[in-house]
Amino acid sequence: MARTWVDLGSVLPIDDLVVAGDAIVSEHARLFGPPRVAMVPLARLREFVDGANGIHGVRKARLALDLVRVGVDSPPESKLRLLLDDAGLPEFIAVLMTS
């Protein structure tokens with residue numbers, strides 16, 4: 001899966017590559033339904049990309065990897081985060097409210 005993501009760097013725009021990266025590293029416990037488990041943990045993806053010299057698309061993958069986030073629920077959430085970042089707004093932080 002990590003190799004496929006790097007390969008996508010040769011054909012996808014960077015925002016779409018980030019969306020795909022968010023989807024494969026996303027993991028978190030939820031208040032509803034089963035927990036979400038990463039297809040590839042972020043640390044493993046980073047490790048693969050660091051050693052992927054010579055693979056077509058790796059340069060863009062390295063740029064996109066800095067924008068990939070764990071815990072994303074959907075492509076629209078990723079795209080909104082990227083739009084807010086492009087607008088110069090600070091990255092939002094999820095806060096878990098307890099009573």
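Select Arg36 and Asp73, which form a salt bridge with the closest N and O atoms 3.6 Å apart; the term salt bridge stands here for a side-chain nitrogen of Lys or Arg within 4 Å of a carboxyl oxygen of Asp or Glu. This pair links distant parts of the chain, since Arg36 sits in the loop between H2 and H3 and Asp73 in the loop between H4 and H5, 37 residues apart. The element labels refer to DSSP runs numbered from the N terminus, with helices (H or I) of at least four residues and strands (E) of at least two. Arg36 is partly exposed at a relative accessible area of 25%, and Asp73 is partly exposed at 43%; buried means under 20% relative accessible area, exposed means over 50%, and partly exposed is in between, with a 1.4 Å probe and protein chains only.

Before moving on, note that this is a predicted model, in which local features need pLDDT of at least 70 and side-chain atom pairs count only at pLDDT 80 or more, while totals for chains, interfaces and linings use all residues. Residues are numbered from 1 along each chain as its sequence is written, and side-chain values use heavy atoms, with hydrogens and water left out.

**The other salt bridges**

How many salt bridges does a search of the whole structure find? The search finds four, and a second one to display is that of Arg81 with Asp22, whose closest N and O atoms are 2.9 Å apart. Arg81 lies in helix H5 and Asp22 in helix H2, so this pair ties together parts that are 59 residues apart in sequence. Arg81 is buried, at 8% relative accessibility, and Asp22 is buried as well, with a relative accessible area of 1%.

Next, select Arg3 and Asp7, which form a salt bridge with the closest N and O atoms 2.9 Å apart. Both residues lie in helix H1, four residues apart, or about one turn of the helix. Arg3 is partly exposed, with a relative accessible area of 43%, and Asp7 counts as partly exposed at 29%.

**Around helix H5**

Return to Arg81 in helix H5, which spans residues 75–86, and display its contacts, a contact being heavy atoms within 4.5 Å. Not counting residues up to four places away in sequence, Arg81 touches Val18, Asp22, Leu67, Val68, Arg69, Val72, Glu91 and Phe92.

Ser78 is also found in helix H5, and is buried with a relative accessible area of 1%. With residues up to four places away in sequence again left out, Ser78 touches Val19, Asp22 and Val72.

Glu77 lies in helix H5 too, but at 26% relative accessibility it counts as partly exposed. Leaving aside neighbours within four places in sequence, Glu77 is in contact with Gly71, Val72 and Phe92.

Now select helix H3, residues 42–50, where Leu42, Leu45 and Val49 are buried. Those three cover an arc of only 60 degrees around the axis, which puts them on the same side of H3; the arc is that of the directions from the helix axis to the C-beta atoms. An α-helix has 3.6 residues a turn, so residues three or four places apart point the same way. On the other side of H3, Ala43, Arg44, Glu47 and Asp50 are exposed.

What do the buried residues of H3 pack against? They pack against helix H1 (2–8), helix H2 (14–25) and helix H4 (58–65). H3 and H4 pack at an angle of about 145 degrees, with their axes 10 Å apart; axes are lines fitted to C-alpha atoms, for helices over the stretch in contact, and angles run from 0 to 180 degrees between N-to-C directions.

**The nonpolar core**

Finish with the largest nonpolar core, which has 19 residues, and select Trp5, Val6, Val25, Leu45, Val49 and Leu65, the ones that touch the most other members. The elements that give two or more residues to this core are H1, H2, H3 and H4. A nonpolar core is a set of buried Ala, Val, Leu, Ile, Met, Phe, Trp, Tyr and Cys residues joined through side-chain atoms within 4.5 Å.
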